[in-house]
Number of protein chains: 4
Amino acid sequence: MLREHDIEIRVRYQETDGQGRLHHANFFTYFELGRTELLRAVGYNYREIEAEGWMLVVSEITCRYFLPAVFDDVLRLRTTVVESRGARVINEYQVFRGDTLLADGRSVVACVDRSGRVTRLPKRLLLERESTSKGR
Amino acid sequence: MLREHDIEIRVRYQETDGQGRLHHANFFTYFELGRTELLRAVGYNYREIEAEGWMLVVSEITCRYFLPAVFDDVLRLRTTVVESRGARVINEYQVFRGDTLLADGRSVVACVDRSGRVTRLPKRLLLERESTSKGR
Amino acid sequence: MLREHDIEIRVRYQETDGQGRLHHANFFTYFELGRTELLRAVGYNYREIEAEGWMLVVSEITCRYFLPAVFDDVLRLRTTVVESRGARVINEYQVFRGDTLLADGRSVVACVDRSGRVTRLPKRLLLERESTSKGR
Amino acid sequence: MLREHDIEIRVRYQETDGQGRLHHANFFTYFELGRTELLRAVGYNYREIEAEGWMLVVSEITCRYFLPAVFDDVLRLRTTVVESRGARVINEYQVFRGDTLLADGRSVVACVDRSGRVTRLPKRLLLERESTSKGR
């Protein structure tokens, strides 16, 4: 699996709040886009994963905010796979405007089956070659 | 069925936008709360409706905005059943702050079964006594 | 001004609801993206409009839903300027998946100044060549 | 200042996602409601704080998820002030359905002035009696 993937996201008007800033909860929406697009970049998509009977559910997520983003900003979100084995994926996130880091984050996502029971990740999502490859 | 039901909604910070006002799309979220609570007021709830195999899907919705609402405003939403027969419910909405009308709206909701086919409303949702009662 | 502009929007996971469908209120979020990108396509942007002291506020908006969209669908939103003069812009919207029309809509947006008073549109936003084109 | 405050929140249909569960990002929306209502419970409100020139901005926030919530659940959110001095407030959160803990969280909120500069909290928000109470 890819280790790292960048996407661009433009801040929507509705995503700003009364402070004129991107509301802090929306960074988690962006992180989800990052995970989705990282999957797509390896030729897989999350809709198929659910169709095949797996669900990836967030079990822990955090974000630290350094500088605000405002409406119409074009942000770059870097999503990194830190770990992907057993029943969980750990991702890290960095949100940039140009070269400036606005926020970073980290999540633990668990794989569950249709009954909600924690289960091993589908093989394709494992970071199998972790020890041998130095990234992509 | 009840003809009319009022609920109070306090504007959340996240629901405002860069103009410091309740974002216009969130009125539709409120309308949905109005429909849900009107159902509950007659001893029924939408979760059960879905569990029993029906879904109510919006087929048309509109809102007119007269005055803005801001963060922390306590709004009163009046939801009215204009029609409820066959496979559809027509509702009207009025959003007040105190006695001032801020917005009004109207929706047509269709009843579909699990396969997505339009189907007759569950009996309890019909406005059966429409002609004989003057409603509450 | 341009009369018509198309953008692509991919349905986000968070935008779906318990029915597994794009929640109906999110079409209004998309319509706002459509207006924003139509402005950008003529070399102007809404952030500047607000910085110069104007605000465009929705005074009426409606959507009709024909078929559902689901997570990860790539939709095409066509935004059309039907009228842009005096203090208001009227837009129409069509949402397609491939060649299939899923929904359409219409909005009236009013131009207000910082004090919230309705005011004439900035010149650039007027549909100047309206009289000479074949229009609607 | 109060150390702890409980509110009830009913899960909205729009807040669920394609998994039929309350979307994980919406817990942060709830945490914000918790902070707002804790302030109100001490006779103060966040709208006034902003009117007086302060803004409280989230600088770090995290949530851990133990069990899912679904549409129409009535949740109880407990918001606790762990620390409130200098320029920051630290809160903890617990989300219950009945007696079952579904999620917990923690945030650090910084006080900034209109120019965005970090500044001391308004006196009323300080946890003044911190040293004399048994608290943490």
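Me: How many residues does the contact take from chain D and from chain A?
Reply: In this predicted model, 14 residues come from chain D and 14 residues from chain A. A residue counts as being in contact with another if their C-beta atoms, placed from the backbone, lie within 7 Å.

Me: Which elements of chain D give two or more residues to the side that touches chain A, and which gives the most?
Reply: The elements are α1 (26–41) and β2 (54–65) of chain D. β2(D) gives the most, with nine residues.

Me: How do the residues on that side of chain D divide into nonpolar, polar and charged?
Reply: Seven are nonpolar, five polar and two charged. Gly is counted among the polar residues in this scheme.

Me: What makes β2 of chain A and β2(D) a pair of strands?
Reply: Two strands pair if DSSP finds at least two bridges between them.

Me: Which residue of β2(D) stands opposite Thr62(A)?
Reply: Thr62(A) faces Thr62(D).

Me: What is the strand order of the open sheet that draws on chains B and C?
Reply: The sheet has 10 strands in the order β1(B)-β3(B)-β4(B)-β5(B)-β2(B)-β2(C)-β5(C)-β4(C)-β3(C)-β1(C), with antiparallel pairing.

Me: Why are β1 (4–10) of chain B and β1 (4–10) of chain C called edge strands?
Reply: Each of them pairs on one side only. From one strand to the next, the twist averages 25 degrees.

Me: How do you know that β3 and β4 of chain C pair?
Reply: Pairing needs at least two bridges. Strand β3 (residues 74–85) and strand β4 (residues 88–97) of chain C share nine bridges in the antiparallel sense, and therefore count as paired. As one case, Leu77(C) has Val95(C) in β4(C) as its bridge partner.

Me: Which strands does helix α1 of chain B touch, and what angle does its direction make with that of β1(B)?
Reply: Helix α1 (residues 26–41) of chain B packs on the sheet and touches β1, β2 (54–65), β3 (74–85), β4 (88–97) and β5 (100–113) of chain B. Its direction makes about 130 degrees with that of β1(B).

Me: Where does helix α1 of chain C lie?
Reply: Helix α1 (residues 26–41) of chain C lies across β1, β2 (54–65), β3, β4 and β5 (100–113) of chain C, at about 130 degrees to β1(C).

Me: What does chain C bring to its contact with chain A?
Reply: Chain C brings 12 residues, and chain A also 12 residues. On the chain C side, α1 and α2 (46–51) each supply at least two residues, and α1(C) has the largest share, four residues. That side divides into four nonpolar, four polar and four charged residues.

Definitions and conventions. Residues are numbered from 1 along each chain as its sequence is written. Chains are lettered from A and ligands numbered from 1 in the order in which they are written. This is a predicted model: local features need pLDDT of at least 70, side-chain atom pairs count only at pLDDT 80 or more; totals for chains, interfaces and linings use all residues. Two residues are in contact if their C-beta atoms, placed from the backbone, lie within 7 Å. Axes are lines fitted to C-alpha atoms, for helices over the stretch in contact, and angles run from 0 to 180 degrees between N-to-C directions.
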